[in-house]
Amino acid sequence: MITDEIREWQLQISRYDDEQAFARLFRHFYERMLHFCMRYVPVREAAEEIVSDVFVKIWNRREELVNINNLQVYLFVAVKNHSLNYQEVYSHLRIVPLTGAAAELNNSIDLEKDLEWKEMRFMLDQVVASLPAQCRRIFQLIKEDGFKYKEVAEILGISPRTVETQLFRAMRRLNAELGAFSSRKKILPPIILLLGLSSLFH
């Protein structure tokens, strides 16, 4: 359904300069694109500027939108490319990552359980952050952003086979490290734990 809506906005913008359709497109993608951008450029103000630039360029070249097959993938590729350009230009500067961006878990009124889940989420964030950059981006695009293997391959400019391999490595690492943690805490078996946590991203 949403895919049809995106296509309709695309056509309205491209053929009729429809500003309302553009506003809907902007609202639909902005936060996800910003979140994605901050994986490359962890400074919110810079990431906001990059995402805004992408939308400005989309509007300025709106007549070409009708020729884009998958606008969602196109937008994320554009954000990735702008982010890499930003990194290249400002690579001599030290970037301080933002903290406290993790989503809160509210799946229990039991304070002890609540604390355990927060510890688990913290551990998950730490393990994901420690993954090699490519592996981390693939894991986040699939598990957090809901992209398919083929779309991730297009966004990152790699083969679907590489996506599959890197995701397997990420899952194996998460399973091993979170499994050890959950065993100590006697919370949940690793695989069940991962399946449960994956649903929290959506």
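How many residues does helix H4 have, and how far does H4 reach from its first C-alpha to its last? The legends below take this up, beginning with the whole chain.

**View 1. The protein chain in this predicted model has nine helices and zero strands.** From the N terminus on, the elements run α-α-α-α-α-α-α-α-α. The chain has 202 residues, and 41% of them count as buried. Its accessible surface comes to about 12000 Å². Carbon and sulfur atoms hold 53% of that surface. Among contacts with a separation of 6 or more, 63% join residues 24 or more positions apart.

**View 2. Helix H4 spans residues 71-89.** H4 has 19 residues and reaches 27 Å from its first C-alpha to its last. That is close to the 27 Å expected at 1.5 Å a residue. Buried residues of H4 include Leu71, Val73, Leu75, Phe76 and Val79. Gln72, Lys80, His82 and Ser83 are buried too. Their cover includes helix H1 (2-16), H2, H3, helix H6 (133-143) and helix H7 (149-156).

**View 3. Helix H2 (residues 19-37) packs with helix H3 (residues 44-60).** Two packed helices are described by the angle between their axes and the distance between the axes. Here the angle is about 145 degrees, and the axes of H2 and H3 lie 10 Å apart. H2 passes H3 in a right-handed crossing.

Note on methods. Residues numbered from 1 in each chain as written. Predicted model: local features only at pLDDT ≥ 70, side-chain atom pairs only at ≥ 80, totals over all residues. Heavy atoms only, no water. Helix = DSSP H or I, 4+ residues; strand = E, 2+ residues; numbered from the N terminus. Buried < 20%, exposed > 50% of the residue type's maximum accessible area, 1.4 Å probe, protein only. Contact = heavy atoms within 4.5 Å. Areas by Shrake-Rupley, 256 points an atom, 1.4 Å probe, with all protein chains shown as cover. Axes fitted to C-alpha atoms, helices over the stretch in contact; angles between N-to-C directions. Left-handed = near helix turned anticlockwise from the far one by under 90°. Expected span 1.5 Å × (residues − 1).
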